[in-house]
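Dear colleague,

Please find below the structure that I am passing on to you. My notes on it follow, and I would be grateful if you read them with the model open.

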Amino acid sequence: MVGFKHTVCALLLTMITGMAIAQNNTNSPYTRYGLGDLSNQTFGNSKAMGGIAIGLRDGAQINPSNPASYTAIDSLTFLFEGGVSLQNMNISNGGIKLNAKNASFDYLAMQYRLAPWAAMTVGLLPFSNVGYSVSDSKTTTDSQTGNELTYARSFSGDGGMHQLFGGLGFKIIKNLSVGVNVSYYWGDINRSRSIFYSSDSYNSYRRDIDLSVSDFKVDFGAQYTYNLDKKNSFTLGVIYTPKHKLNSDLSSTIIMGGNTGSSSTSSYVTSLDAKLEMPNVFGIGATYKFDKRLTVGLDYSLQQWDQTKQSINTTDENVRQDFEETFAYCNRSKIAVGAEYIPNLLGRSYLSHVKYRAGAYYSTPYYKINGAKASREFGITAGVGLPMPRSRSIISLSGQFVHVKGLETNMVSENIFRVSIGITLNEKWFFKRRVE
């Protein structure tokens, strides 16, 4: 009963905290494109191991990236996990430098076994995040008078998408498991673009594009473990998410004239006929485990965004241009390596039971800017899994350094330092007490 109360309290606390800060977690100008920054949906142990997850099997922590891993949990265990992150971002472009600090809700999930051959997980994750505000000034020539006109441009956006999922894992034979996640994801993304002429406010305008999403998706996974001997084993994992149309509503609001709200302004709201698609996702990963103390893994994933269709039916060329600029996609790939080491499972000291983790990854973006890939992303990670005294529960701490490098001279570069904190409550719920 005490364990149950602790779990419920942690669930409520993490949910309240996560909902309170979920929309305040990025200031990247790159979130102006596509659906924003696609969230890293890995949990505490995986975050510190470079993000490897496809071939990872750990009965003491949840791994939603491959639902086949759910069957690693034993029959007496109930798992509950929650996590948050804090980050510091430095943005640079030429001689301009900006700094931003953010917090984010990372994950919330619970897992338990349904039968000796089946296990279930339910959870809440962020799917994507949008948050940016940039401005500049330009000079053009008036086609009628020939005079130079100076105007200011500003671009801003916020919002994001959330994902609620439920998953099942099934053990087909002794070393082969398969699994499936069914997710409902929803959210709103709001983007604004303003043009203001200092000498001609009548032709100034602001265009707001609002995207609302509400849809389902299905993810499949499989894992096979080959035992070399009692101490050495390999696990191979694969994942697949099929391409599908995105159920979404897109609308445009144009405000013409001077200051918003003045008598000289006029407003036009239009519901846009737009079609968006989500990509095929493929992934493969392998892990090697020695003596239940050392785990080493490698992951590769590919999101086929360039094979999706993003289209809009409108006679407004400005809206069409904005849409085609925002939703221009290319394939996104990621490769990650990671490791975890436990000094001594039978040791008496506390440090001998700490899980030491490290990793690195490299990825490319899924959006284009001016017809080309915009950046490259490199990350290194490290962390520890700290056992709670007199408990099977774990506190996962990790640090991540991420460098996003703009590929063109006019594209920004970002340096991000992120600290993540996760709690895994591991309770024995399903054993029968014996009274003599």
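A definition is needed at the outset: helices and strands here are DSSP runs, with helices (H or I) of at least four residues and strands (E) of at least two, numbered from the N terminus. Please also bear in mind that this is a predicted model.

**Overall composition**

The protein has three helices and 21 strands. Of its 436 residues, 49% are buried. Among contacts with a separation of 6 or more, 67% are between residues 24 or more positions apart.

Helix α3 covers residues 317-326, and its buried residues are V319, D322, F323 and T326. Viewed down the axis of α3, these buried residues fall within an arc of 100 degrees, so they line one face of the helix. The N-terminal end of α3 is capped by D316, which places a side-chain oxygen 3.0 Å from the backbone nitrogen of N318.

The structure holds three cavities of 30 Å³ or more. The second largest cavity contains about 260 Å³ of space. Its lining comprises 18 residues, and those nearest its centre are R32, R191, I209, D322 and T326. At least two lining residues come from each of β6, β7 and α3. The element that gives the most to this lining is α3, with five residues.

**The nonpolar cores**

The largest nonpolar core has 42 residues, of which Y30, L35, L211 and L250 touch the most other members. At least two residues of this core are supplied by each of β2 (77-93), β4 (118-141), β5 (148-173), β6 (176-197), β7 (205-227), β11 (266-278), α3 and β20 (394-406). The most is given by β11, with four residues. Another core, of 10 residues, lies apart from the largest one and includes F43, Y107, A109 and F165.

Beyond its neighbours within four places in sequence, L250 is in contact with I209, D210, L211, T270, S271, L272, A274, I312 and F323.

S252 lies in strand β10, which covers residues 248-256. Is S252 buried or exposed? S252 is buried, with a relative accessible area of 3%. Again leaving aside neighbours within four places in sequence, the contacts of S252 are R207, D208, I209, Y268, V269, T270, L272 and V319.

**The largest pocket**

About 1,100 Å³ of space lies in the largest pocket. The pocket is lined by 39 residues, and R57, D58, G59, K289 and K292 are the closest to its centre. At least two residues of the lining come from each of β7, β8 (232-241), β12 (281-290) and β13 (294-303). The largest share belongs to β8, with three residues.

Most residues other than glycine have a negative phi. K292, which is one of the residues closest to the centre of the largest pocket, has a positive phi of about 60 degrees although it is not a glycine. K292 lies in the loop between β12 and β13 and counts as exposed, at 67% relative accessibility.

R390 is likewise a residue other than glycine with a positive phi, near 55 degrees. R390 is found in the loop between β19 (375-387) and β20, where it is exposed, with a relative accessible area of 85%.

**R376 in strand β19**

R376 lies in strand β19. At 21% relative accessibility, R376 counts as partly exposed, because the buried class ends at under 20% relative accessible area. Which residues does R376 contact, leaving aside its neighbours within four places in sequence? R376 is in contact with Y362, S363, T364, P365, H403, V404, K405 and L407. With Y362, the side chain of R376 forms a polar contact of 3.1 Å. S363 is 13 residues away from R376 along the chain, and the C-alpha atoms of the two are separated by 6.3 Å.

With kind regards

Methods. Residues are numbered from 1 along each chain as its sequence is written. This is a predicted model: local features need pLDDT of at least 70, side-chain atom pairs count only at pLDDT 80 or more; totals for chains, interfaces and linings use all residues. Side-chain values use heavy atoms; hydrogens and water are left out. Buried means under 20% relative accessible area, exposed over 50%, partly exposed in between (1.4 Å probe, protein chains only). The arc is that of the directions from the helix axis to the C-beta atoms. A polar contact is a pair of N or O atoms within 3.5 Å; within protein, one must be able to donate a hydrogen and the other to accept it, and residues adjacent in sequence count only if both atoms are side-chain atoms. Contact means heavy atoms within 4.5 Å. A nonpolar core is a set of buried Ala, Val, Leu, Ile, Met, Phe, Trp, Tyr and Cys residues joined through side-chain atoms within 4.5 Å. On a 1 Å grid over the protein atoms alone, a cavity is a set of points where a 1.4 Å probe fits but cannot get out, and a pocket is an open set with protein on both sides within 12 Å along at least five of seven lines; lining residues have an atom within 4 Å of a point. Grid points are joined across faces, edges and corners, and a volume is the space filled by probe spheres set on the points.
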